[in-house]
Amino acid sequence: MQLQVKLTLFITLSKMAVAALFILLLPRLIEDIAFKYNDYYLHEQEKKVLLAIRNNGIETYLQGEDNYGSYTMLKEEYISLEPATSHYAGDTIETVKRIVEKDTLTYRVLSHQLHANGKDYMMEIGRKYTTISQYNRPLQRMALYVLGALISITIITDLVFTRYLLKPLGKIIRTRLFRSNFPFKEQGPPVNTTTADFKYLDNSLVALMNQINVAFEKEREFTSNASHELMTPVSILQHKLENFLADGNLEDEAQSKIISMMSTLNRLKKIVHSLLLISRIENEQFPRQDNVRLNTLVHQVVEELEHRTAAKNLDVKIELTATVVLRQLNQDLIFQMIYNLLNNAIKFNTTNGSIHIKEYLTRDTYHLIIQDTGIGMPAADLENIFHRFRKHSHRNNDGYGLGLSIVKTIADFHDILIKVSSTPGEGSTFTLVFNLRSQKASA
Amino acid sequence: MKVLIVEDEQIMAQEMTAFLKSAYTCEVAGNAAAAINRLEEGCCDFLLLDLGLPDMDGLQLLKEARKICPDAAIIILTARGQLEDRIKGLDLGADDYLPKPFSLLELQSRMHAIARRKFALQTATIQVGDFHLDIQKRCICFQTTDITLSRKEFDLLSYMVLHKNRPLSRLQLSEHIWGDYGDADYDSNFIDVHIKNIRKKLSAYSTVEWLTTIRNVGYKVKL
């Protein structure tokens, strides 16, 4: 998952969680506030009444009666004064039911005992329960609106900001890493950012890629130079041996020793040749301008190898259509690639075995499949078969296993994907996947 | 025919001279200046030119040489072996191109081919025992009968005829027949099969004693 997506999810979910918590708690909070305010209001009313009694005496209310009671019009509030029946118990506020003119109503009631004219009186100031919480709903709604708006605004600003913040990272990935094939191309200017971490990342990446390019360049140069330097002494040796043999006056034993030396020299020559070929392909020294009719080419390769297939009595089946023409390839290299693959298919085949060459076309790709009934390879070997000089458990006669390295190099050079599957004892299948889209794209 | 070998590796020039001297008159120039001096004294038929010279770019020398001797056959020999060198060299008028290390047999066979094409000196048909070998038409016949050989069989036979009276190893033969792609050492076993076929096809008409086997080595055409 991309960092941007992760951050977006985290920001949205965490804010939603906060909002949910708040929504759950909101009714209780508002009710609590409303009750606290109501109690405060009752105390204020009590102070007013007590002040009036102190200044004007209790008779202001009792007016000669034993008790006093008064309601507001809608029975929202009331006040009552009655002779006290119990001992002084301090102020209390509680929610109680009162019967007012036959209606049973719930009130929040403040009770206070006071002493006047030598008598104890119980004073009650009440406020109707429904009046207290009448603003709860609109308040709740308002709070919800404000909360919703705030959360939306913060989510949007957070997202915009993280997006802006992560933009350089996206650019680094796009320009430096995405579809970046080796050897790396010249890297563009540094990514524009004020974030130190991204600057560091970008600079390190570019430095690393350049370092790899330099190392690669050096290796290429070395391979090429070493090959050239080796060619001259190899040439001299070969010429000396050829002249020796041409002499004709040698004894049998000397002759066969020269033959054996020539054979060894030939091996050396082949290695140097192969290394040079790989190095030249990697140096992009071959043009890719040929249109190749694979059907024709495969037949040519098979003909070239006829003596070997005949020696093992192999059945070679070619099922290719004549119409497929692949563009922008190097014919010689493609020939070499298929030659090496078929050569292996013969070399590691069993007597009376078979080789099946077939094709498979999709909209964007062309698959050339070479299937043999050879000795196969264990799965563990499959990863390494394209590495230079890698020995394989079952291919000890192979010696200088450069054939498949060349195949791989040629395939990479032409943007051809190679797939291998193999079962020991049953055979191997090499599939070359030609990318038709890249051929068209570069046309 | 006169051959000028332009090669700064002295031993290499010596070996080439030793091999070619039976058929050609060879001279050696160790650098470009010596080569130009030598050419100005008088043209040669063949110029075997190494591109990696100490005093001048080989391709530059090729241009100069073409000016001095427009008719000479020029073969480029190089260890640089770069494709563009090959294309440039042939564009500048070289007749052939051999990357090092090459076989001396191969060099001589290329020289023969150029000579045939360019100078038309050699007769195209060669008498081989009771047979006539026509290299240009690529056929071998007994009296008036064409004998059908496969492409590789004909290549093999004409190569051996060209290098008649020399012992030729299986490796050398397979290197010529299967070229750069093949694995000459491995393929050398198949030479025997081809030789057997050639003998079988030809001996139906006349004796093929001239095609001899040399134990432990290979074959020789004795003419």
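Predicted model: local features only at pLDDT ≥ 70, side-chain atom pairs only at ≥ 80, totals over all residues.

Trainee: Which residues line the largest cavity, then?

Mentor: From chain A there are A:Gln238, A:Met262, A:Leu265, A:Asn266 and A:Lys269, and from chain B there are B:Leu171, B:Gln172 and B:Glu175. Two elements give two or more residues each: helix H6 (252-282) of chain A and helix H7 (170-178) of chain B.

Trainee: How much space lies in the largest cavity?

Mentor: About 80 Å³. The count is five cavities of 30 Å³ or more.

Trainee: And what's the lining like by class?

Mentor: Three nonpolar, three polar and two charged residues.

Trainee: OK, switching to the interface. What area is buried between chain A and chain B?

Mentor: About 3800 Å², and carbon and sulfur atoms give 53% of that. On the chain A side, A:His239, A:Asn243 and A:His307 lose the most area to chain B, together 14% of what that side buries.

Trainee: How many residues does the contact take from each chain?

Mentor: 38 from chain A and 41 from chain B.

Trainee: How many salt bridges are there between chain A and chain B?

Mentor: Five. One of them pairs B:Arg151 with A:Glu303, with the closest N and O atoms 3.4 Å apart. There are also 12 residue pairs in polar contact between the chains.

Trainee: Which element gives the largest share of chain A's side?

Mentor: H5(A), with 13 residues. By class, chain A's side divides into 13 nonpolar, 14 polar and 11 charged residues.

Key: Residues numbered from 1 in each chain as written. Chains lettered and ligands numbered in written order. Heavy atoms only, no water. 1 Å grid on protein atoms, 1.4 Å probe; cavity = no way out; pocket = protein on both sides within 12 Å on 5 of 7 lines; lining within 4 Å. Points joined across faces, edges and corners; volume = space filled by probe spheres on them. Helix = DSSP H or I, 4+ residues; strand = E, 2+ residues; numbered from the N terminus. Nonpolar A, V, L, I, M, F, W, Y, C, P; charged D, E, K, R; others polar. Contact = heavy atoms within 4.5 Å. Buried area = accessible area lost by both parts, 1.4 Å probe. Salt bridge = Lys/Arg side-chain N within 4 Å of Asp/Glu carboxyl O. Polar contact = N/O pair within 3.5 Å; in protein donor to acceptor, adjacent residues only side chain to side chain.
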